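Let's take a walk through a protein chain together, starting from its inside and ending with the whole. Have a look at the picture first, and then read on.

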Amino acid sequence: MKTAVQEELHQPIAIKDLPIPQPQAGELCIELKASALNHRDVWVQKGKYPGMNLPCTLGSDGAGVVVSAGSESEENWLGKEVVINPGMNWGDNEAVAGKGFEILGMPRNGTFSEFIVMPVEYVHEKPAHLSFEEAAALPLAGVTAYRAMFTKAGLTKDKRVLITGIGGGVALTALVFAKALGCEIYVTSGSDVKLQRAKELGANGGINYKEEKWAKSLSKSAGLFDVVIDGAGGEGFSGLIDASNLAANLVIYGGTAGNIGGILAAKIFFKQVNIMGSTMGSPTDFKNMLALVNTHKISPVIDEVMPLDNAEDALRKMEAGKQFGKIVLKHN
Ligand SMILES: NC(=O)c1ccc[n+]([C@@H]2O[C@H](COP(=O)([O-])OP(=O)(O)OC[C@H]3O[C@@H](n4cnc5c(N)ncnc54)[C@H](OP(=O)(O)O)[C@@H]3O)[C@@H](O)[C@H]2O)c1
């Protein structure tokens, strides 16, 4: 089977021919029709995670068809079109993942491969309205956006939401989720073109975070926000508190822009804003996310579909931040 393997740090990902893995009892073998990139894959290539285990097949997101089962009790899955939950061993505490939590695609071999074996508990039926490419674009970004917006921030239709760095996979998934709910949505981006595209997808407005005093301009033109979903951190985080309403819920799920600093404590306590950290989600978050997608017939935003052979080009495109939406790899 064709597989994209990260053999060494800081090296291009290599396309290899490996044997098809065989499922044991409790496992399924899935012929993956498509996979998708997350920023995590770029971070892994650069060795930015503890417990690096190379060589490893990268990729956390995938969708395909179940082709074999490890035992009779999983045979009801044969032939089903499925998506994979990449968040493994969450544990039994909904509030936070346990020590054994793992993300598919390092240390365990991931989805940039024609076949994968997964424990049956991480395999879910593909939303019927989605193609394999669309379904592959959903899992990691979807569960991260879902937990930040709903489990953590308690987003409802009547709330005004601000989503930062809208070109990102998680951010755009958050946009389509909030749109399905009917919320008023504003976004930030470092690109005016991406701001325009976000408006075409249903954002009410947006601002370029590279502009000086962007938070002041945004709150002047659009008002303050009840929910803020941020994947960047960095110097811009202070502006997010300025743009927050009283008692707003501000959720941070990523740190693309680096350390947060220089925040006046009084801004946080006088406004009584709730600043919350969030990660990917529990199995319950994943199921709820799929239910939301099925109920509202939501489709993730795809930037480009590339062949699996071009996995390295896809990783470099993601690193350069050139994408608007998910970069998907088609496997055959
Ligand atoms: N904690 C978790 O479990 C978890 C789960 C998923 C992701 N993450 C993290 O979340 C971040 C985003 O992930 P992703 O896969 O969505 O990445 P991605 O698709 O590569 O998106 C990154 C986005 O960050 C935005 N950005 C860059 N600098 C920014 C700044 N100064 N202010 C605001 N936005 C900025 C850019 O938006 P524009 O192009 O619009 O400027 C870019 O598109 C990554 O750091 C990732 O590691 C964490």
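Two residues are in contact here when they have heavy atoms within 4.5 Å of each other. Keep in mind, too, that this is a predicted model.

With that idea in hand, find M149. If we set aside its neighbours within four places in sequence, M149 is in contact with G154, L155, A174, F177, A178 and I229. What does M149 belong to? It is part of the largest nonpolar core, which has 53 residues. Within this core, M149, V161, I163, I166 and F177 touch the most other members. The core draws at least three residues from domain 1 (2-138 + 300-330) and at least three from domain 2 (143-277). Another core, of 17 residues, lies apart from that one, and its members include F112, A314, I327 and L329. In soluble globular proteins, nonpolar side chains tend to be buried together.

Now step back to the chain as a whole. Its secondary structure comes to 10 helices and 18 strands. Among contacts between residues at least 6 apart in sequence, 70% join residues at least 24 apart. Of the 332 residues in the chain, 53% are buried.

How does the overall size fit? A compact globule with 332 residues would have a radius of gyration near 20 Å, and the chain has 20 Å, so the two agree. Along its principal axes, the C-alpha trace spans about 60 × 40 × 40 Å.

Notes
Residues are numbered from 1 along each chain as its sequence is written. This is a predicted model: local features need pLDDT of at least 70, side-chain atom pairs count only at pLDDT 80 or more; totals for chains, interfaces and linings use all residues. Side-chain values use heavy atoms; hydrogens and water are left out. A nonpolar core is a set of buried Ala, Val, Leu, Ile, Met, Phe, Trp, Tyr and Cys residues joined through side-chain atoms within 4.5 Å. Buried means under 20% relative accessible area, exposed over 50%, partly exposed in between (1.4 Å probe, protein chains only). Domain bounds come from an automatic or database domain assignment. Helices (H or I, at least four residues) and strands (E, at least two) are DSSP runs, numbered from the N terminus. The radius of gyration is taken over C-alpha atoms; the globule rule is 2.2 Å times the number of residues to the power 0.38.
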